[in-house]
Amino acid sequence: MAGPTAHPTKGTVVSQEKKQSLLEGFKAFLMRGNVIDLAVAVVIGAAFTNVVNSVVRGVINPIVGAFGTKDLESYQSCLKGPCRVNASGDIVSGIPILWGSVLSATLSFLITAAVVYFLMVLPMAKYLARRAALQKEKAGVKETLEVTELEVLKQIRDALVAQRGGQSG
C-alpha cells in the first residue's frame, strides 16, 4: 500500500508562502491610487447624501406639501380595502402601498444626479476638452516647428552642396 504521502514540512512552507503572497497582494491592492480615491468618494458621497436629504426634506417636501400633505413620505394608497391603523401606528387591515417614499427617494436620486452632473461631470468634461485642445494645438505647433527646421536644414544642405559644386567646377 504505497500511496502518495504528504510531507509535513513542504505543506507548511507552501501555506506560509501563500499567506505571504496573499498579504503582499492585498497590501499592493490597498496602496493603489484607485482604492484610496474610491474610499474618499464614498466618504464624500455619504456626506453629500445628507445635504441632498435635507434639501428634499426642507425644500421639495414643502413644495409638494403645498399641493397636498406636508410630508411626502405620508402619501400612500391601500391595495385591499381601506387601510386601518391602530393607536400605536401598526396597520390592522389592508395592504398599504407607500408610493410617497418611492417618490421621495426618486426625487432625491434625481437631485443628486443633477448636482453631480452639473457641478462635477460637466465642468470636468469641459476642462478635459480644453486641455485636449491645447495639447493638440501644442502638438501641431511642435510639428510645424519640426517641419520648418527640416526645411531650413535642407536649404543649408543644398547651399553647401552648391558651394562645393561651385568650388570644384
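A residue is called buried when its relative accessible area is under 20%, exposed when that area is over 50%, and partly exposed in between. The legends below use these words for a predicted model.

Figure 1. The protein chain has 169 residues, of which 6% count as buried. Its accessible surface comes to about 14100 Å², and 67% of this surface belongs to carbon and sulfur atoms. Among the contacts that join residues at least 6 apart in sequence, 34% are between residues at least 24 apart.

**Figure 2. Close-up of a nonpolar patch on the surface, formed by Val51, Val55, Val59, Ile63 and Phe67.** Taken together, the five side chains named in the title belong to residues that have about 490 Å² of accessible area. One of the members, Val59, is found in helix α2, an element that covers residues 33–65. Is Val59 buried, partly exposed or exposed? Because its relative accessibility is 43%, Val59 counts as partly exposed, a value that lies between the limits of 20% and 50%.

**Figure 3. Close-up of the aromatic pair made by Tyr117 and Phe118.** The structure holds one aromatic pair. The ring centres of Tyr117 and Phe118 lie 5.1 Å apart and the ring planes stand at 80°, so the pair is described as edge-to-face; the reasoning rests on the rule that planes over 60 degrees apart count as edge-to-face.

**Figure 4. Close-up of the salt bridge between Asp158 and Arg157.** How many salt bridges are counted in this model? The count comes to one salt bridge, and in the pair shown here, Asp158 with Arg157, the closest N and O atoms are 3.1 Å apart. This distance can be set against the cut-off, since a salt bridge requires a side-chain nitrogen of Lys or Arg to be within 4 Å of a carboxyl oxygen of Asp or Glu. Asp158 counts as partly exposed because its relative accessibility is 43%, and Arg157, with a relative accessible area of 47%, is likewise partly exposed.

Methods. Residues numbered from 1 in each chain as written. Predicted model: local features only at pLDDT ≥ 70, side-chain atom pairs only at ≥ 80, totals over all residues. Heavy atoms only, no water. Patch = residues over 30% accessible without salt bridge, like charges linked within 9 Å, V, L, I, M, F, W, Y side chains within 5 Å. Areas by Shrake-Rupley, 256 points an atom, 1.4 Å probe, with all protein chains shown as cover. Helix = DSSP H or I, 4+ residues; strand = E, 2+ residues; numbered from the N terminus. Buried < 20%, exposed > 50% of the residue type's maximum accessible area, 1.4 Å probe, protein only. Phe/Tyr/Trp six-rings, centres within 6.5 Å; stacked < 30°, edge-to-face > 60°. Contact = heavy atoms within 4.5 Å.
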